[in-house]
Amino acid sequence: MPNEADGTITKGLIPVVDADESKLSDGVALCLSGGGYRAMLFHLGGIIRLNEIGHLQSIKRVSSVSGGSITAAVLGLAWKDLDFSATDIAQNLDELLVRPIRKMATKTIDDKSIIWGMLRPGRTIGQNVANAYDDMLYGGKTLRDLPDDKQNEGPRFVINATNVQTGKLFRFSHPYEGDYTVGLWMNPATRVADAVAASSAFPPVLSPHTFAPSGSFDAATAGVNGGAEFRERLWMSDGGVYDNLGLETAWKRYRTILVSDGGGMLGVDVKPKRNWAQHGIRVSEIVDGQVRALRKRQLIDGYERKARTGTYWGIRSDVADYELGSTFPLPATSTDRARSVKTRLAKLDDVTQRDLINWGYVIADTALRKWVYKQAPPPAQLPAS
């Protein structure tokens with residue numbers, strides 16, 4: 001695997017503790033990172049390409065955080081209706097996934113949610129974000145509407161958030177929701193919109209998203225933080241605070257890991273702001289960058305040691321680093337525009353949307369054909385034109 005050009009991925013910089021390899025599944029897991037609407041659209045490109053080469057249907061787990069969870073949840077709720085009947089390629093992916101996500105990207109919801117959260121004391125910022133997601137994408141669906149992998153309905157979709165009370169990862173999925181230091185609620189009926197709002201509650205402005213857990217708490221799973229004070233109400237922050245690649249839930253279970261990283265570049269700020277909101281955002285961006293770098297190192301080290309197979313592609317990647325002879329050309333102006341999008345839940349124009357999808361498609365194709373699906377034919381055209 002090539003190292004990232006910015007030097008943030010280097011072999012052997014941190015110790016890696018593997019899961020018991022004898023218990024790893026041979027299935028393929030897809031991880032979708034955070035990054036607001038930028039990541040939401042960038043991930044579409046990779047999903048489209050996986051579908052084109054006939055391998056989307058073979059995914060066994062989709063693990064997501066933040067902006068990646070917006071896309072993952074739409075895919076999860078649409079999964080049962082994807083038409084794989086004629087071939088291994090879903091013919092209606094554009095209708096059920098791409099169009100709804102692109103429509104979402106025409107609406108700004110972060111600023112409005114913050115303003116209304118301040119003006120309406122009976123409704124929090126997180127509730128406003130969740131309701132916007134529900135109105136635009138999820139229509140009241142709950143975790144029970146995601147595929148049941150035990151019944152072979154599709155992959156297990158895991159939407160990851162950070163439990164502010166315990167500082168640990170909190171998982172929302174069809175069979176359960178929970179934090180292993182607290183315990184698990186089985187058969188939860190939490191709204192998908194609330195799970196995604198928790199996963200994308202960027203600190204400090206959108207965090208925390210608080211709501212009551214649902215399902216039946218399994219006392220047998222209670223951990224060191226299993227007391228009632230941890231079970232009455234959930235205090236959730238962005239999943240990227242703990243793991244901005246959505247890697248952990250896949251790493252501990254699967255041998256083949258595909259990672260799509262829509263995280264932006266942390267730039268230099270010569271004169272950081274002093275006010276609490278803007279300064280808090282800057283500090284959060286620094287934390288995000290460090291978490292992301294550590295997870296990347298874990299991933300690439302695992303590939304190089306052959307503890308895992310798979311590939312990584314990111315919005316900051318360079319096709320030249322993969323040394324694949326037949327890459328699909330994309331103008332530098334398009335990749336530059338895609339990379340420059342800020343981490344927001346804010347409206348994006350049609351050109352920027354196309355650039356994000358197309359760049360995600362091209363770099364995913366490059367990584368997949370280089371390292372995983374080497375017999376896949378090169379693309380014929382860009383998906384968003």
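**View 1. Helix α5 in a predicted model.** Helix α5 covers residues 125-138, 14 residues in total, and spans 18 Å from its first C-alpha to its last, close to the 20 Å expected at 1.5 Å a residue; the expected span is 1.5 Å times one less than the number of residues. Helices (H or I, at least four residues) and strands (E, at least two) are DSSP runs, numbered from the N terminus. This is a predicted model, where local features need pLDDT of at least 70, side-chain atom pairs count only at pLDDT 80 or more, and totals for chains, interfaces and linings use all residues. Residues are numbered from 1 along each chain as its sequence is written, and side-chain values use heavy atoms, leaving out hydrogens and water.

View 2. Buried means under 20% relative accessible area, exposed over 50%, and partly exposed in between (1.4 Å probe, protein chains only). Among the buried residues are Ile 125, Val 129, Tyr 133 and Leu 137.

**View 3. Strands β5 and β6.** Look for β5 (residues 176-179) and β6 (residues 183-186), antiparallel strands joined by four bridges. Two strands pair if DSSP finds at least two bridges between them. Asp 179 has Gly 183 in β6 as its bridge partner.

**View 4. Strand β8 beside β6.** Three bridges link β6 to β8 (residues 216-218), and these strands run antiparallel. Here you can find Leu 184 opposite Asp 218 in β8.
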